[in-house]
Amino acid sequence: MDYTSSELGSVRHELFKCQGVYFAMKRLSVIVVFLIATCCGLSTVRGEGSVSSATEECLGCHATIHPGIVESWKKSQHASTTPARAMAVQGLGRKISAKDVPEELKNVSIGCAECHTLRAKEHKDTFDHNGQDIHVVVTPGDCQSCHVEESQQFDKNLMAHAYGNLVNNDLYQQLMLSINGSPVLDKGRIILKPSNAATDAESCLYCHGTRLQVTGTKARTTDMGEMEFPIISGWPNQGVGRINLDDTRGACTACHPRHDFSIETARKPYVCKECHVGPDVPAFKVYEASKHGNIFSTKQAEWNFKNVPWSVGKDFTAPTCAVCHISLLVDAEGKVVSPRTHEVKNRLPWRIFGLVYAHPHPKEADVTVIRNKDGLPLPTDLEGGFATKFLLNPQERTEAAQAMRASCQQCHAKSWVEGYWERFLNTIEQTNTSTLAATQIMQEIWKRGLATGPGKGGNPFDEFSEKLWSDIWLFYANSIRFASAMGGGGDYGVFADARYHMQKTLQELQDWMEARKPARKQ
Amino acid sequence: MDYTSSELGSVRHELFKCQGVYFAMKRLSVIVVFLIATCCGLSTVRGEGSVSSATEECLGCHATIHPGIVESWKKSQHASTTPARAMAVQGLGRKISAKDVPEELKNVSIGCAECHTLRAKEHKDTFDHNGQDIHVVVTPGDCQSCHVEESQQFDKNLMAHAYGNLVNNDLYQQLMLSINGSPVLDKGRIILKPSNAATDAESCLYCHGTRLQVTGTKARTTDMGEMEFPIISGWPNQGVGRINLDDTRGACTACHPRHDFSIETARKPYVCKECHVGPDVPAFKVYEASKHGNIFSTKQAEWNFKNVPWSVGKDFTAPTCAVCHISLLVDAEGKVVSPRTHEVKNRLPWRIFGLVYAHPHPKEADVTVIRNKDGLPLPTDLEGGFATKFLLNPQERTEAAQAMRASCQQCHAKSWVEGYWERFLNTIEQTNTSTLAATQIMQEIWKRGLATGPGKGGNPFDEFSEKLWSDIWLFYANSIRFASAMGGGGDYGVFADARYHMQKTLQELQDWMEARKPARKQ
Amino acid sequence: MDYTSSELGSVRHELFKCQGVYFAMKRLSVIVVFLIATCCGLSTVRGEGSVSSATEECLGCHATIHPGIVESWKKSQHASTTPARAMAVQGLGRKISAKDVPEELKNVSIGCAECHTLRAKEHKDTFDHNGQDIHVVVTPGDCQSCHVEESQQFDKNLMAHAYGNLVNNDLYQQLMLSINGSPVLDKGRIILKPSNAATDAESCLYCHGTRLQVTGTKARTTDMGEMEFPIISGWPNQGVGRINLDDTRGACTACHPRHDFSIETARKPYVCKECHVGPDVPAFKVYEASKHGNIFSTKQAEWNFKNVPWSVGKDFTAPTCAVCHISLLVDAEGKVVSPRTHEVKNRLPWRIFGLVYAHPHPKEADVTVIRNKDGLPLPTDLEGGFATKFLLNPQERTEAAQAMRASCQQCHAKSWVEGYWERFLNTIEQTNTSTLAATQIMQEIWKRGLATGPGKGGNPFDEFSEKLWSDIWLFYANSIRFASAMGGGGDYGVFADARYHMQKTLQELQDWMEARKPARKQ
């Protein structure tokens, strides 16, 4: 006889039901104990139990005014437990890293008031709202009260520094102007006027984060009468490197969106797509087309995205972004495979997002200090040489590679992983070679005066030929490297913003130059 | 003690089972009542109950010939209820807007014959099929018998006029020719011969809708012997603006595909993708990468896509396309947040799909009447001025914006929504500024005779430099605006068909011009 | 009264529970029988029952070392049944096509050892591993032991020959060089050095498959002490045309990924995306945006992806890739609609992936034998004429079309399918016309010496103008045809790598030529 899984399933279902009937009496005694505990739990879920009186007051109005976020919160872990109970969990299942939390938070659900009144004096957007000192923007500084390790790790992450790393780098500011500037014709030629803050907030700073500032207050008529609210420039924004009103960096909500802050959301790849869809960083696209992504898309409904720790094979059978980069993983016996980290670079030996070339990962999250041999704020020089003293050394790279490969090896034999890794290193080298060819042509174009390069005070990114050059390293070389790192190839290694296009654009750049002015020797 | 959600879940499961055992006796009396009702319901679901004899006859053959659509229909609400029962529902839960329906439809399931024989005399494709007067193409005119408000609203929607708005506009016809024309070499140069109907049906008219026409009949050999069927040119097509054989406009099946006509399909974003994937209207791509889309992708399995009315927060915790544009929404207390509308422009103050510039939304769905100040059939002139008398005035725009923002405010504070909206308006202005720069260069190119523009009787869309110009407003400016409207930015605001590419193409256009002929002053 | 589906659902749930209570006693006798059988089944699922002692030994270490694949396998059909039981299934539900299998496989689960020790002498990568003769790479030659028909069919599939068809074709090798070559500047101009094996493995051969070779052995320190493992060049790779170490072709794991080999994975479209995301073969993108894809995305959670045979309408209500191209389909009465085939071309009359033009499908899977009238290894000549003797004749095309259309007709009337098909044939013709125009310009460019064409020994794919030409047929014409074949149009027929871009690039190519050298007559 052959049992298909669905036959088996229905038999098991029958079995379960019968057991339910016959053993129900015996179970009852056990269950009564659970029931009492559960009642507390269930009522908490419904927001009736350990909700603080301050939060009750918030809910009084906001449950009606903002049902979307209130209902979302009701489904959250924050609503259904308390820090005290979370701290009672020992071992790898513990989700709260603080050893202790402020006394007033311990035995209440983490509701509206708990976060939005925390550290009131440190937030410049704190305002009086029905007698409570509320701040609009909750920050990693607040989350840190319970999630201290994660906050501290995150602050050492490149992402937390995404605002400063972009805005405080003169060269990147020229790139930003070449993208966001407002084009107007002046004597028949395009000139770029500086972009305004709203434009920057919708482009680069959408992901990098804005700098928030309180610029005044505004009275609004509400159901409760007229009320004053702070005006915050740069708001709204959920960028990973946001500069907050308590001077902290980042937005936990970039990956843990409001107000259920669900671990499932952070573990599924979708939330990463917002900033990593490409073509500059096509991580999500590459992942979705990879075998890993294929399996995730097919099988995710059968997986468990909530278990902590996260068990390879049992909870999932192919990695998501979080598996390789962030999550605490255990094997079938519960042994730690990878410790949790919010300092993503712990598992990253190379930075494959080329600036201009791919290079060993920076040692520090604040990369504004980096200078290449020519004194430019870039991790490589224009010939591809690394600004080594700011970058991971070979030993550090080996450690980071091992940290990353620990998860690979849960499913793949060492020979597989090594073969894969060798190709990845080859791809870094080869794409850097292609970038070098492109840069040499670009330099020749600048030399011949066909475009105004940095040597003559020009913005190196704003002319047509310069955009062809940046296409090559910013889109095509990156696509090829992400495909190599995350899937091994396929269309994102060949035809989808990859090798085909890199070669085409190289030819176009050369062709453009040659059509305009013959080489000196001719 | 700490209860994880899965522990809680299993406890609740135990609890449920025990209750099931002990209270089963008491419930039985209640259940018996339900059972009787359910039996009717269930049998209807199985297509055994209130199926009309005409439909029974259809099913006799078609259940075997076309199991795909018959089984799909069996799972539908149409199969499991009757208009009479649907009309008995009072209040917001009512799904049928007709106050009364034809007597013969009232007490039967809505099956094959109900729709395909309705209004037989008005359909030019009605033919005798085993003694029934069947028409092939069911239209909004048929659906209107039960769904009168939706049909009437839809007819005032831009989409319903998508065929005429494209085909009856001389300028858009030139754009269409420049895309669909058949290129052949004549004396070594490309000329475009007019496209044939099949090509048009597979390109622009696939979404805009074809004009259906009965051109004859054809005999086919079937299992039932030889039968005559109408030949319909333009068929198949499910475009939103299809011109039907009863002279109605549109295809409800564009969004409510056959034959389950599931509300779930219309409420999930996927069905919108067919026509709105871009790069001209990249709504789906932008949505999927937005935080809203991230949350939808992650959480949709937990949401309820069938409840009517649709409760913000309870049924879903992030919007889909339908939430913002169409659906009837209520808050946690059941109060209406947004009324249902199939006249999508009710919630749209601006048309961000640039023709050539973004502009206030047209007042009327038939936009062929619009003339700009130069007499061209465009909502803006080439300098960006609006053809104001055909477009929403500021007061009407404010009302439409409020209708849209009603849904935003279910999850976001007013200051959030206002900050977001200000950026959106800035983006409209800025992208129009960029389009102006591009258009000024294009006009200079036409002036210099480097391309044959409309002033000299040329098609303004068919040459290479003209395509560079249309790339700017049709793809890049639109992407930037959709990213602004629907997500706030991210890659679709910068690197994915957005600001980077707009600037690059502007430079390319200028570069192209300057390489061909020096400016007059030089 | 109106019953919404959720009300009905809850009533049915109540009904079920009550029945469970009251009929549990009666069922018990039946269930006991099932229980005994189930116990075997369940224990097998847990890997306790019929697991061979060799596999038990593997699991002893690998359950800990590689929990990802071991847990994945535990959830597989391979783990939960045996060939003997699979062979006991009669009729269409049978999943094993072998009439008999090796005796030692019959009554055990198909675990690690069963596949990785099979046909040990035929695999060059067989090595001694704890006393067992293990080979690393399991091949179609191994899978064939149980799945003989599928393996044989697959071997006649174009995909199985994907390696040789690319690598043994001189012209395609030039295309490959133009994409993968390493660009360096030589006297100021780009020259392409041959790519290395790692680059090829990450680009073209990622999907086409690598040629595996054992190049030595390597000692590794493991928990079990030092062990020797083979070094395999070209590994890892799961390309469909991989050349294996037992001289077989292909990798079943391309579509049935390790180690659950789930039929669900092969039936959902995601796994196809890895190689068919485009822009060269944008099948997945087109599908996802098609009505079929919209419905799949919306409804898949309600479908059954495991039933064999697969029942149209009952198990699914819109096709996935497998439905149209591969799967065994039955109608509502269990009658075969389409027989299963792993020789995909059985249902393909045309090859719409243009080389250079779309053309009737090749007769044989090994296409290296094809020569066009000019002696080039292409299925068409440069004027679009077909190398007819190597391609399906009209009669064969009709048969293949009927095989494909059999599935269409499960949901669509014949007039629909015919209208659809006519447009598809028109699109093949029209895109070939456009490709002809592009090729004529390209030939003129070669003639004028503006690029070095094949007539002068040049690589026809490596210069900028040549890449413009290949964009037209490789990306845009293909996109248009895939949109036509798989969805009927929408954005992939117009603005997404389609007609708009084809026309733009045609103009660019002409423009490029004219800017460089005037036509002879001028």
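Here are a few questions and answers about why some residues of this predicted model get the labels they do.

Q: What makes the pair Asn180(C) and Asp200(C) a polar contact?
A: Their side chains are joined at 3.1 Å, and the cut-off for such N or O pairs is within 3.5 Å. Asn180(C) also touches residues of another chain, including Arg499(A) and Gln503(A).

Q: Why do Cys207(A) and Cys275(A) count as a disulfide?
A: Their sulfur atoms are 2.5 Å apart, and the rule asks for within 2.5 Å, so the pair qualifies. Cys207(A) lies in helix α13 and Cys275(A) in the loop between α15 and α16, so the link ties together parts 68 residues apart in sequence.

Q: Why is Cys207(A) given one accessibility label and Cys275(A) another?
A: Cys207(A) has 13% relative accessibility and counts as buried, while Cys275(A), at 23%, counts as partly exposed. The boundary between these two labels is 20%.

Q: What makes the disulfide of Cys207(B) and Cys275(B) left-handed or right-handed?
A: The torsion about the S-S bond is about -100°, so this disulfide is left-handed.

Key
Residues are numbered from 1 along each chain as its sequence is written. Chains are lettered from A and ligands numbered from 1 in the order in which they are written. This is a predicted model: local features need pLDDT of at least 70, side-chain atom pairs count only at pLDDT 80 or more; totals for chains, interfaces and linings use all residues. Side-chain values use heavy atoms; hydrogens and water are left out. A polar contact is a pair of N or O atoms within 3.5 Å; within protein, one must be able to donate a hydrogen and the other to accept it, and residues adjacent in sequence count only if both atoms are side-chain atoms. Contact means heavy atoms within 4.5 Å. Helices (H or I, at least four residues) and strands (E, at least two) are DSSP runs, numbered from the N terminus. Buried means under 20% relative accessible area, exposed over 50%, partly exposed in between (1.4 Å probe, protein chains only). Lists of a residue's contacts leave out its neighbours within four places in sequence.
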